[in-house]
Amino acid sequence: MNEPQPGPDQAAGPNQLPGPYLAPGPYAGGTAWPAGPPQPPPPAAAQPQWSSPGPYPGPYGGPYAGPYPWGPPPRARWVVPPPPGTRYDRLARTASHRWWRPILGTAAIIAVFLVLSIFVGLVAFVVSLVTGVPMVRTGTRLFADPVLDLGFQLGVIALLLPLVLGAAWLLQRRPPGSLSSVALRLRWRWLGACLLVALVAVVLGQVVEAVTLLSAGVDPGFRWAGWGEFLPAIIVILLLVPFQSAAEEYAYRGWIIQGFGAYLRNPWPAILVGAAAFAASHGYTGWGIVYVFAFGMLMGWLAVRTGGLEAPIALHATNNFVAFGVVAASGDMGSAMEQGEVPWEALIGSAVQFAVFGIGVLIIARKWAIQTVSR
């Protein structure tokens, strides 16, 4: 008798699922997966990008990795440095240069200096009332006391220094240090070397000048009035002459030369104008004008040649130290600021001073490989 045979679905047992779900996995009691090898997962490129590779990983990063750049954009710098390879007289020609900036800066320096000079005159009047020192109404002097007068005169000239530096920063939008040198700062080691050369040059020049004047029968003016006369005057000289000398160099060799250099490639017209303005601001006559003009020409050339004002400041300050010191030692401080006729014999000593200083500075600058263009 033929009995029906159990089909494949029945042979699996009563606890197993029939049909295509036979042995679907360990939870159905079977031991095998459906027919066919397991399929590999889809490639990573096909999967949705739900994570961020940025610093804030998470399930919602998406294709915009990293945080959003919140905040305002960075502000542009006010000062614009000169491009590399720029000579000293051309340092004012930066990317922010406009034709009107040097002209406006010059007018602003002159106007503010005149206002400050008037203010200093009012301060001098108050000082006269408080101290009881009478003021002098004639000539270029402010006070009857020569030492106090010298201090005020040197202080007024020193006011040019912050005015020139401020105009370079505010109106020309360039580093104020670009007035000092191509290194955009005052190179103190180089300044110290120039001071040593200047001391040798000034002393030699004074010796030659004294010998020349004595041989011509002219009194060189060397006297000793005593420590009581000398000490107060030399203290004022030591405190203020560095700032007075530096202020004149920053104005006549720094601002004027670089102002013309913003328009002209040749530095000699600027050196010439700076020397002429320097001579016109002094009260010398005759051969004295020749001396001051030659001094300005040498200082302007050295500023361009050595890439900064260190050499001009060194000779200017040393020369004024010695000149004012000789007057202070003689006790004749009333004539310290007087300028007039200079005997031509004095120019021989000045020529020695200029030659020794110029040659010495150039030799050391070449040996030390002093920087002459911006970097």
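Is Trp100 buried, partly exposed or exposed? With a relative accessible area of 35%, Trp100 is partly exposed, where buried means under 20% relative accessible area, exposed over 50% and partly exposed in between (1.4 Å probe, protein chains only). The structure is a predicted model, in which local features need pLDDT of at least 70 and side-chain atom pairs count only at pLDDT 80 or more, while totals for chains, interfaces and linings use all residues. Residues are numbered from 1 along each chain as its sequence is written, and side-chain values use heavy atoms, with hydrogens and water left out.

**Overall architecture**

The protein contains 10 helices and zero strands; helices (H or I, at least four residues) and strands (E, at least two) are DSSP runs, numbered from the N terminus. Of its 375 residues, 40% count as buried. Among contacts (heavy atoms within 4.5 Å) with a separation of 6 or more, 73% join residues 24 or more positions apart. The accessible surface is about 21,500 Å², and carbon and sulfur atoms account for 69% of that surface; such areas come from the Shrake-Rupley method with a 1.4 Å probe, and for residues only the protein chains shown count as cover.

**The loop between α1 and α2**

Trp100 lies in the loop between α1 (8–11) and α2 (101–131). Trp100 also belongs to a nonpolar surface patch of about 760 Å², together with Trp99, Ile103, Leu104, Phe260, Tyr263, Leu264 and Val273. Patch residues have over 30% relative accessible area and no salt bridge; like charges are joined within 9 Å and nonpolar side chains (Val, Leu, Ile, Met, Phe, Trp, Tyr) within 5 Å. A salt bridge is a side-chain nitrogen of Lys or Arg within 4 Å of a carboxyl oxygen of Asp or Glu.

Ala92 is found in the loop between α1 and α2, and is buried at 3% relative accessibility. Leaving out residues up to four places away in sequence, Ala92 touches His97, Gln172, Arg174, Gln258 and Ala262.

Helix α8 (residues 287–306) has 20 residues and should span 28 Å at 1.5 Å a residue, which agrees with the 28 Å between its end C-alpha atoms; the expected span is 1.5 Å times one less than the number of residues. Its buried residues include Tyr291, Phe295, Leu298 and Leu302. The buried residues of α8 pack against α5 (188–215), α6 (227–261), α7 (268–280), α9 (310–330) and α10 (346–368).

A nonpolar core is a set of buried Ala, Val, Leu, Ile, Met, Phe, Trp, Tyr and Cys residues joined through side-chain atoms within 4.5 Å. In the largest core, of 47 residues, Tyr250, Leu315, Phe357 and Val361 touch the most other members. At least two residues of this core come from each of α4 (160–170), α5, α6, α7, α8, α9 and α10, and α5 gives the most, with eight residues. A second, separate core of 13 residues includes Leu150, Phe230, Ala233 and Val241.

**Positive phi angles**

| Residue | Phi |
|---|---|
| Arg173 | near 55 degrees |
| Leu184 | about 65 degrees |
| Gly307 | near 75 degrees |

Arg173 lies in the loop between α4 and α5. Leu184 is in the loop between α4 and α5 and is partly exposed, at 31% relative accessibility. Gly307 follows α8.
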